[in-house]
Amino acid sequence: MLPFDFGIKDIIDIFLVALMLYYIYRLMKESRSLNVFIGIMVFVLIWLFVSQVLEMRLLGTILDKLVSVGVIALIVLFQDEIRKFLYSLGAHQRFKALSRFFTSKKKEPQEDKETIMPIVMACMTMSKSKVGALIVIERGAPLDDIIETGDRINANINQRLIENIFFKNSPLHDGAMIVSKKRIAAAGCILPVSHNLDIPKELGLRHRAALGMSQESDAICIIVSEETGRISVAIKGEFGLRLSAEELEAVLAKEMSA
């Protein structure tokens, strides 16, 4: 009988597999595909049991073929979830710190303030008038695909222009406004909607779209509620609700300099 050899490498191996399964579980749960994930795990366990334990050659060979084809099918079926996983991996703080080592000089605070203040002032004005708005500020991840869904503007960031875009009779007021490279790139853009079931029911479609955008990119999403006039932000899949002008300015200053 062979001795049972179990070392530190095996512990690390088990830990990494458990960690990978945990992150896959979280992604499937957020995308409402948890039952599919459970079904896949059951199939994998059956495949391992048939091919490794029972050593059934014919059935094992058939399941092997199904697994090899199924991997490609899963990549096509869950391409959004895979993209999100890879993005979240690259957006991790330690990897971002490594990328900053190769980037150019740090931005001056004054440059960010010229971008922030018109947005904050416009949000406060729209909040008082209960004008709904959804503003997305691009950071590291390019939003070219989102910009293409709306109408290109390519204008300087201006308080009056922002207010006119979201004016109730404006044809662009229902979509999102994208700020890219310190300019208003486009308006009337369509954002991916989050299917997170934990979002409070009193939050509307703008909040769901903002959360979905923040889950798929590192963008800062600002929401002005049409019903209550409250200002919120969505960053990295989390909400900051009921912000004052000072709090909004502080959040933008912190996040845009990060």
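Which residue in β7 stands opposite isoleucine 235? It is glutamate 238. This is a predicted model, where local features need pLDDT of at least 70, side-chain atom pairs count only at pLDDT 80 or more, and totals for chains, interfaces and linings use all residues. Residues are numbered from 1 along each chain as its sequence is written, and side-chain values use heavy atoms, leaving out hydrogens and water.

**View 1. An open sheet has seven strands.** The order is β2-β4-β3-β1-β5-β6-β7, with mixed pairing. Strands are DSSP runs (E, at least two residues), and helices likewise (H or I, at least four), numbered from the N terminus. Pairing takes at least two DSSP bridges between two strands. β2 (151-156) and β7 (238-240) are the edge strands, each pairing on one side only.

**View 2. Strand β6 meets β7.** β6 covers residues 231-235. Three bridges join the two strands, which run antiparallel.

**View 3. Helix α9 packs on the sheet.** This helix spans residues 205-216. It touches β1 (133-137), β5 (220-224), β6 and β7; contact means heavy atoms within 4.5 Å. The directions of α9 and β5 make about 175 degrees. Axes are lines fitted to C-alpha atoms, for helices over the stretch in contact, with angles from 0 to 180 degrees between N-to-C directions.

**View 4. Glutamate 163 lies in helix α8 (residues 159-165).** Glutamate 163 is buried, meaning under 20% relative accessible area (1.4 Å probe, protein chains only).

How values were computed:
Buried < 20%, exposed > 50% of the residue type's maximum accessible area, 1.4 Å probe, protein only. Lys, Arg positive; Asp, Glu negative; His and termini not counted. Salt bridge = Lys/Arg side-chain N within 4 Å of Asp/Glu carboxyl O.
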